[in-house]
Structures are given as C-alpha cells and as structure tokens.
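Here is a short report on one protein chain. Please look over the sequence and the fold before reading on.

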Amino acid sequence: NTKDLILEKTLKLILEKGTIDISISEIRNCTGLTTGGIYYHFSDKNDIFEAIIQKYMVDYIKNTCKKIYFII
C-alpha cells in the first residue's frame with residue numbers, strides 16, 4: 001500500500017532527523033515515489049505527520065486500552 005509506505009518511510013526519517021528538517025523531496029527520495037504520488041495521498045507534509053500520529057500513536061493507545069479493559 002503506497003500510503004502505508006509513505007507513513008513508514010516518513011516515520012523513519014522523523015526518528016532519524018526530527019520533523020523540522022524533513023522535506024517532501026526527502027520523503028520522495030526515500031520512498032521512490034514521485035512528488036505527485038505523495039500529493040495524491042497527502043495534501044502536505046503536515047498531513048503526513050498527522051496520519052503518522054493517528055496510525056502509530058492513537059491506534060496504539062486505543063488497542064492498549066482495549067487490552068486493559070479486557071483484563072479488568
């Protein structure tokens with residue numbers, strides 16, 4: 001899935017460099033996609049960052065809470 005590829009590669013860049021120094025060009029280079037291919041899925045890099053937070057943080061917290069409620 002192209003969208004997941006963008007999120008995974010961008011998360012790796014964030015962990016290496018932080019968010020301020022990341023450009024769409026860097027995301028393009030590490031994914032092997034065109035700029036248009038990235039913009040097809042996301043409106044800008046902040047949109048990518050929000051999707052990463054949703055996918056990796058919010059979903060993780062929801063799943064953890066479900067496990068806790070199941071145990072209780």
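Contact here means heavy atoms within 4.5 Å. This is a predicted model, in which local features need pLDDT of at least 70 and side-chain atom pairs count only at pLDDT 80 or more, while totals for chains, interfaces and linings use all residues. Residues are numbered from 1 along each chain as its sequence is written, and side-chain values use heavy atoms, with hydrogens and water left out.

Start with Leu7. Leu7 lies in helix α1. Helices (H or I, at least four residues) and strands (E, at least two) are DSSP runs, numbered from the N terminus. Not counting residues up to four places away in sequence, Leu7 touches Phe42, Ile48, Ala51, Ile52, Lys55 and Tyr56. Leu7 has 4% relative accessibility, so it counts as buried. Buried means under 20% relative accessible area, exposed means over 50%, and partly exposed is in between (1.4 Å probe, protein chains only). Met57 is 50 residues from Leu7 along the chain, and their C-alpha atoms are separated by 13 Å.

Leu7 also belongs to the largest nonpolar core, which has 13 residues. A nonpolar core is a set of buried Ala, Val, Leu, Ile, Met, Phe, Trp, Tyr and Cys residues joined through side-chain atoms within 4.5 Å. The residues with the most contacts inside this core are Ile6, Leu7, Ile27, Ile38, Phe42 and Ile48. In soluble globular proteins, nonpolar side chains tend to be buried together.

Ile48 lies in helix α4. Its relative accessible area is 0%, so Ile48 is buried. Leaving aside neighbours within four places in sequence, Ile48 is in contact with Ile6, Leu7, Thr10, Ile24, Ile27, Ile38 and Phe42. Lys62 is 14 residues from Ile48 in sequence, and the two are 20 Å apart in space, C-alpha to C-alpha.

Ile38 is another of the core residues listed above. With residues up to four places away left out, Ile38 touches Ile6, Ile24, Ile27, Arg28, Thr31, Leu33 and Ile48.

Which residues of α2 are buried? They are Ile24, Ile27 and Thr31. Seen down the axis of α2, these buried residues fall within an arc of 60 degrees, so they line one face of the helix. The arc is that of the directions from the helix axis to the C-beta atoms. An α-helix has 3.6 residues a turn, so residues three or four places apart point the same way. Gly32 follows α2, and its phi is positive, near 80 degrees.

Thr31 is buried at 12% relative accessibility. A polar atom of its side chain lies 2.8 Å from the backbone oxygen of Ile27. The backbone oxygen of Arg28 lies 3.3 Å from a polar atom of the Thr31 side chain. A polar contact is a pair of N or O atoms within 3.5 Å; within protein, one must be able to donate a hydrogen and the other to accept it, and residues adjacent in sequence count only if both atoms are side-chain atoms. Beyond four places in sequence, Thr31 touches Leu5, Ile6, Lys9 and Ile38.

Thr10 lies in helix α1. Thr10 is buried, with a relative accessible area of 0%. The backbone oxygen of Ile6 lies 2.7 Å from a polar atom of the Thr10 side chain. Neighbours within four places aside, Thr10 is in contact with Ile22, Ile27, Ile48, Phe49 and Ile52.

**Charged pairs and cysteines**

How many salt bridges does the structure hold? It holds two. A salt bridge is a side-chain nitrogen of Lys or Arg within 4 Å of a carboxyl oxygen of Asp or Glu.

| Salt bridge | Closest N and O atoms |
|---|---|
| Lys55 and Asp4 | 2.9 Å |
| Lys17 and Glu26 | 2.3 Å |

Lys55 forms a salt bridge with Asp4. This pair links distant parts of the chain, 51 residues apart: Lys55 is in helix α4 (residues 45-71) and Asp4 in helix α1 (residues 2-17). Lys55 is partly exposed at 28% relative accessibility, and Asp4 is partly exposed at 27%. In the other pair, Lys17 is partly exposed at 35%, and Glu26 is partly exposed at 22%.

The structure holds zero disulfides. A disulfide is a pair of cysteine sulfur atoms within 2.5 Å. Cys30 is partly exposed, with a relative accessible area of 28%. Cys65 is partly exposed at 32%.
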